[in-house]
Amino acid sequence: MSSRARVILLNAALGPLDYRVPQGMSVGPGSIVVAPLGPRQIVGVVWDEGSFPDIETVGDNRLRNLAGVIDAPPVPETVRRLIEWTADYYLAPVAGVLRMTLASMAALEGARTVIEYRATGDLPDRMTEQRAQAMERIGERQGLIRELAMIGGVSDAVIRGLVKAGALDAVEVSIDTPFPAPDPNHAPPALSDGQATAAAQFVSAVESRAFAPFLLDGVTGSGKTEVYFEAIAAAVRAGRQVLVLLPEIALTEPFLERFEKRFGTVPVSWHSGLRQSERRRAWRAIAAGEAAVVVGARSALFMPYPNLGLIVVDEAHEASFKQEDGVHYHARDVAVMRGLIEKFPVILASATPAIETRHQVDLGRYTEIKLPSRFGGAEMPGIEGVNLLTDPPERGRWIAPPLVRAIDETLEKGEQSLLFLNRRGYAPLTLCRHCGYRFQCPNCTAWMVEHRLTKRLACHHCGHVVPSPRFCPDCKEEDSLVACGPGVERIADEVKALWPQARTAIVTSDTLWSPAKVAEFVKSVEAGAVDIIIGTQLVTKGYHFPNLTLVGVIDADLGLEGGDLRAAERTFQQIVQVAGRAGRGQKPGRVFIQTRMPEAEVIQALIAGDTERFYDVETENRRRANAPPFGRFAAIIVSSEDADEAAQVARLIGKSAPLIDGMRVYGPAPAPLSVLRGRHRHRLLIHATRATDVQGAIREWLGNLSWKSNTRVAVDVDPYSFM
């Protein structure tokens, strides 16, 4: 056993550090340790000897002793390789990636129980406004004092006061209770011939224990989930762990229900909505190899599974799999790399695969498995375009006459409708009709969005919130404020005015903020308690409502207005996904797409239902522009609270850009979102051929420069956001 250890501490500003292993302490690569750093003690992981050969070796006489070893399974060797690859590819600190693996500090502590609190049902005699707000938001949820304070939007002191007053009661929670094991033989489904053939290929790949990337390309309602469930069953039978990645927490609840029907119990969940005790229990079970199936958001990908045998990335085309701060990784691509390192199959499931994924199929690197028709004989919905230039809505309204007539007919038949608009709140812009004042976020170059349900204006970028004003802050005129443009809340008001008897549900991240809220919504729709759903992209996927027969897209052009590389593709994917909610049972479905651009390639392809034509045209456009997947992009984002400092550093980086064949650097220029969370931002865009070592070039380029510590320089390899 070596007397020294190279350790990666959970501090992204530091590289690897060498420590002495004191006598009697036993550590090896992957051991989770506590190490001194100045006066503090920090958690870290012992790395492999010989790793990071460029780091200077410190003499034995200068080493400090490790302070202790944490009683937790070591980080597996394959996970350490994944962390190194991710840090190298996305130009991120190794410690930043490692932090996602050691994602529950509580799991590294020794306690076996924790005290949480929940409502007793008794309200205190003295109910302040804050106490009332906290009790309403907490509802039946339980958690630590800090967690309940965050849920309630109040201080810890308010929660402690409610405990003292008897409104909240202490509960001792065991945090090492084992999770029930899923039963692969619990309720095997009756698969169609096409599904059975696809499932057999997946089962064979799982049993082969070799790297095999698959694209499961099935139309909406074709039963992709049932097919990959058979691959999960095969992995569980073989004693291997499985990870299913979902793009949204909101999708977890419907998935858990389907999983429980098939396997007799729910899988282990991992996402930001978990309580600290739930995170601790899940992390320990995953690291010990006891969590057989984990369903989670993208961060679940870096957990220390010792025995992973399959990853499924559901809705693999979703942009939310790309992390936009910290480590700018793409979970879909890192999942494939994890499969390659650990030698197991990876299934990317989607009704609208990304062009990058289709390109991998064309190159022969991924195996494509198609499910071209809906399960059980259900038909794909008919799609009609509504030209808003020739058939506009009434003045002050947003739903055009053909869609109004279709909703009338659907209500008469006792069936359900869904109206889709990917814009939260009531209106995207509020201005004063008297002086023209516009409400802008003080921290960002973005308009404040009116939310009438909560009576506030909110910034959707930094979260800044103010109460809805009664008068203009500039000219002080009362009742002069005008809402411009529609959000889902405004469409809901229009629906109430047109169909006062109809029961409605608004579905956005503002209304479905927890898995419990999602479950409540799903049950009400399934029970027929909702006639018209008005929602954002949160309703475009994952839901199966047999009585939902009409989908109306309020503004199909909204996603085309950003000038983004993937704007047309994202619009196509979103509308195909939302259209796929219609007619999933025995009743046929209809889809109406409202547009001012009926000639646009993407709109024509949607109305014609011609997926291949759209992808062919879009792929050829990318090829001509040498854009991904044929070329490469990387972004450098400079930000500082000091506007001059940000501009100065951006100019320094731009002036120092290397001259390399096959690589061009554009900028710097102020970012489209030039101020975000109080920081001034500039961007540079690097465009290169696939053969260019972009990471090596950026590493050397930025490595020769320096700037003040209050200026941040972030690198985004393969960017999805150009804001």
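Okay, quick one on terms: "buried" means under 20% relative accessible area, "exposed" is over 50%, and partly exposed sits in between, using a 1.4 Å probe and protein chains only. Helices (H or I, at least four residues) and strands (E, at least two) are DSSP runs, numbered from the N terminus.

This is a predicted model, where local features need pLDDT of at least 70, side-chain atom pairs count only at pLDDT 80 or more, and totals for chains, interfaces and linings use all residues. Residues are numbered from 1 along each chain as its sequence is written, and side-chain values use heavy atoms, with hydrogens and water left out.

So, H15, residues 567-579. Ten of its 13 residues are buried, so the rest of the structure largely encloses H15. Among the buried ones are Phe-572, Ile-575 and Val-578. Their cover includes helices H11 (355-362), H16 (601-608) and H17 (611-625), plus strands E16 (416-420), E24 (548-553) and E25 (590-595).

E16 takes us to the strands. Two strands pair if DSSP finds at least two bridges between them. E16 pairs with E23 in the parallel sense, over four bridges, with Ser-417 standing opposite Ile-532 of E23. E22 (residues 504-507) also runs parallel to E23, again joined by four bridges, and there Ala-505 partners Ile-533. Which way do the side chains of E23 (residues 532-535) point? Ile-532 and Ile-534 go one way, Ile-533 and Gly-535 the other, and all are buried.

Notes: Contact = heavy atoms within 4.5 Å.
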